[in-house]
Amino acid sequence: MAKAYDPKQYEQPLYDWWESQRYFKPEYADNLGEPFVISMPPPNVTGALHLGHAITTSVEDFMIRYHRMKGEAALWVPGTDHAGIATQLQVELALRREGTSRQELGRDKFLERVWEWKAKYGGMITKQMRRLGASCDWERERFTMDEGLSRAVREAFVRLYEKGLIYRGEYLINWSPGLQTAVSDLEVEYTEEDGKLYFFKYMLADGTDFIPVATTRPETVLGDTAVAVHPEDERYSRFIGQMCVVPILGRQIPVIADPYVDRAFGTGAVKITPGHDPHDFEIGRQHHLPTINIMNKDATLNENGGAYQGLDRFVARQKLWVDMEAMGLTIEAKPYKMQVPRSQRGGEIVEPLVSTQWFVKTQPLAEVSLKAVADGQIKIVPERFTKIYNNWLENIRDWCISRQLWWGHRIPVWHCRDCQGMTCTRADPTQCAQCGSQAIERDPDVLDTWFSSGLWPFSTLGWPDDTPDLRRYYPTSVMETGYDILFFWVTRMVMAGLEFTDDVPFRTVYLHGLIRDEHGKKMSKSSGNVIDPLVVMDEYGTDALRFTLLTGSTPGSDMNLSMERIASNRNFCNKIWNATRFVISNLGVSFRSRDSTWDLAELTVPDRWILSRLNQITAETTRLIEDYNFGEAGRQLYDFFWSEFADWYIEVAKIRLQSEDAFVQSTTRQVLVYVLERTLRLLHPYIPFITEVAWQHLPHEGESLMVARWPRSYDRLDQQANEQMAIMIDLVRTIRNSRAEYRVEPAKWISAYIVAGDQTTMLVKHREVISKLARLEDSSLHIAPQLDQKPAQAIGLVISNGIEIYLPLADMIDLTAERERLTKELARLSQWMTATQGKLNNGNFVNKAPAAVVQQERDKLADLEVQQTKMKAQLQQLS
RNA sequence: GGGCGGUUAGCUCAGUUGGUUAGAGCGCCACGUUGACAUCGUGGAGGUCACAAGUUCGAGUCUUGUACCGCCCA
């Protein structure tokens, strides 16, 4: 084994070997019991791996590996998403570079190009996921646009259509002028930006007076169809019912009263533009106002814009204001922080626009989805997201599912030129279902990408066919994803699952947080703080990245990721590597491993202690993992491995392996191998590569760690070993501390007197370990129950159980300093004792606290009293 | 406006149902190449757990309020 672990050398070959052994397949388990199933959230097919994918993959692979090791049939279904807008944009960009466009190519040729693109770049991201160690069943990989899934989409659409849950209508939608398509409410983000609040006069038709009105978008006055005031607003009540005049255009519109108007905002009077504002659209409907669309699809003004026709919306805004100024209609324009709606994709300003689109009626679907969670059929982890889930579904609006794109699932509806009727069927129709005419034309729009991903948990298993996979692996066990797509995706899968399969799509939703940079800032290209997981894996290894992602935060909360943290976890991997190196290089040729039955009588305290700790840590991590606290479990394993196994047990083992006693040697080896092997198993779901490599070097049964059994824990707790080891550790640390304080050369062997009372036998038994660890000269180490005469010119120390230590460092002792040190120690002790005494003197504490807690305090106080007595004696001796 | 989360060591974060003297990593100080590991070891410094009140024998942990930060929804 090399001196340091080199991930590059092992990761790829190991992954290939695992896959070739068919370990990733659920069939490998040969277990007909309840399977454990995850559908991988499909990444964009032409995307590149980023940290969001990395954490998703790490967490899911963690769960899959854990359940696989428990012997369950573990299935992780991978796949990719066609990502309508994102992919289309990429191909369009490529076309632009070639000096052509999709319009020039035409729809069919364009789609050919997209498929070519997909063929070229489509495998990239899944290759990158393999680098993360993803143990998914690649033979079951799916793509949202493949034949089977397209059929699922078609089936789903037709069913909803037939049920009347899909309708087409003219509504105010979010229009993305650059992308030339509608986007759903969820795809719009609101950012606070500097704008202006424009105050102007809405003249009454009779010219007698005006109503002051404020707006952030003056150009929309061209589409105004009313001015609204609050019904109880005395300032304006006299205007209600009167007509006023649209500036420039001269149209007459009414003044209406609506409680929606915020009297405190602006002037308290608002213009109503149903064609270009969602709130106004609602008011317009309630008051039966006409809707005027003033904008073309490219965000220039149309014929309703009068003189401004053809101008871009922002140019029109300026020009109109100047013109109104000239007419004396303006009051002022104040700087104002406005909420600007921007497209999540591309970032351009989105325009509310009236347009004909396809919608899903979500109300009935949302109701059953709420019920599924309320009934506990689906559990959301962390639980607090349940409220967010509920809140969203309770206020859900109809879902605009049509997109004016070419790449995607085309809407399976044919329009008849003769009767204007619509035909929606599973197989492509040749004639109109209404009138029989053959003059039918397919709707040009495609479906929102999330429509197909909503079907993902069951479409990937073969739905709508009744396949063996669907029967065996559906519903899936856990849906693991980021909380940022709870609405986009999770809710829609629940709605779709319940609607189409009559069952929940998954039993548990586990949501992880977002990854930010080390100071909590969002990673972005413009900030230059993006961490590329591929670069990290190159530099530190996959395991370091995975361990960092898995242990870096608590469930559902964001993680600040820093390279320092990754580096320290790389060091952890190296620690494992070297600990393994130590163990195997000390095994000797005749080593035989043994099972978990140990005869405690033949073991020493450190053996019993580490076995007991292993057992505790096994129980604890298993409990935490079952409770979805993967991070805490991982952190505990880290601490156990480093601070207990490596720092103490291995250090003890070094000494005992040099023993003349063959039995001592062989026991130590067996404990070393046993504990290391079990710990590697516990760590494997976190850091699969290093653990497998290390495991392969160790004596083992079975061919791979990844299919080894998850360790079981036992109820037995070796309390005595834990206590005695604690004493030894305390003893060694205390001596080391004094050595450092007195600047004893690290290499120097010193003499010591240990007055150990009833711990004497135990300490004598471990004399060699203690002397070596504390670097005490064997010939001048005295361990006795008591000492008639305290050594002169010695540093006196007292630790728990009243054990006294004397270090005769004659030439180094400064009596004054020693007195000072002991006095300080005593002060600290007495402070502690006062606190403990206080508790015990409190009748309420003694009566109400659990007996064990009270006893604990009593024991503590007794121990402190003994320490105090001995320390006082030591002080006295010095004076 | 409604909701959620956060505030713990210089930095980044843990702290499981309330119960020893509140922990880790990084950073810092001192020392150290004794054959697992300098991607390391040994020892150390560093915190009135945002603030206030309350519940309790006991609060970092539960309740209420306040301040600040972040996110989601409208």
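Author: A salt bridge is a side-chain nitrogen of Lys or Arg within 4 Å of a carboxyl oxygen of Asp or Glu. Between domain 2 and domain 3 the count of these is zero.

A word on the ground rules: this is a predicted model, in which local features need pLDDT of at least 70 and side-chain atom pairs count only at pLDDT 80 or more, while totals for chains, interfaces and linings use all residues. Residues are numbered from 1 along each chain as its sequence is written, chains are lettered from A and ligands numbered from 1 in the order in which they are written, and side-chain values use heavy atoms, leaving out hydrogens and water.

Chain A is assigned domain 1 (181-352), domain 2 (572-717) and domain 3 (750-878), with bounds from an automatic or database domain assignment. Between the C-alpha centres of domain 2 and domain 3 there are 33 Å. Eight residues from domain 2 and six residues from domain 3 make the contact (heavy atoms within 4.5 Å). Together the two domains bury about 560 Å², and carbon and sulfur atoms give 85% of that; buried area is the accessible area (1.4 Å probe) that two parts lose on being put together, summed over both. On the domain 2 side, Val605, Val652 and Ile655 lose the most area, together 63% of what that side buries.

Now for the rings. Those of Phe, Tyr and Trp (its six-membered ring) pair if their centres lie within 6.5 Å, and planes under 30 degrees apart count as stacked, over 60 as edge-to-face and the rest as tilted. By this rule there are 43 aromatic pairs. Take Tyr167 and Phe359: their planes are at 15 degrees and their centres 5.4 Å apart, so they are stacked.

Tyr510 and Phe630 are instead a tilted pair, 5.4 Å centre to centre with 40 degrees between the planes. Because Tyr510 lies in strand β23 (residues 506-512) and Phe630 in helix α20 (residues 630-656), this pair ties together parts 120 residues apart in sequence. Helices (H or I, at least four residues) and strands (E, at least two) are DSSP runs, numbered from the N terminus. Tyr510 is buried at 6% relative accessibility, and Phe630 is buried at 4% (under 20% relative accessible area is buried, over 50% exposed, in between partly exposed; 1.4 Å probe, protein chains only). Both rings belong to one aromatic cluster, whose members include Phe572, Tyr638, Trp642 and Tyr649.
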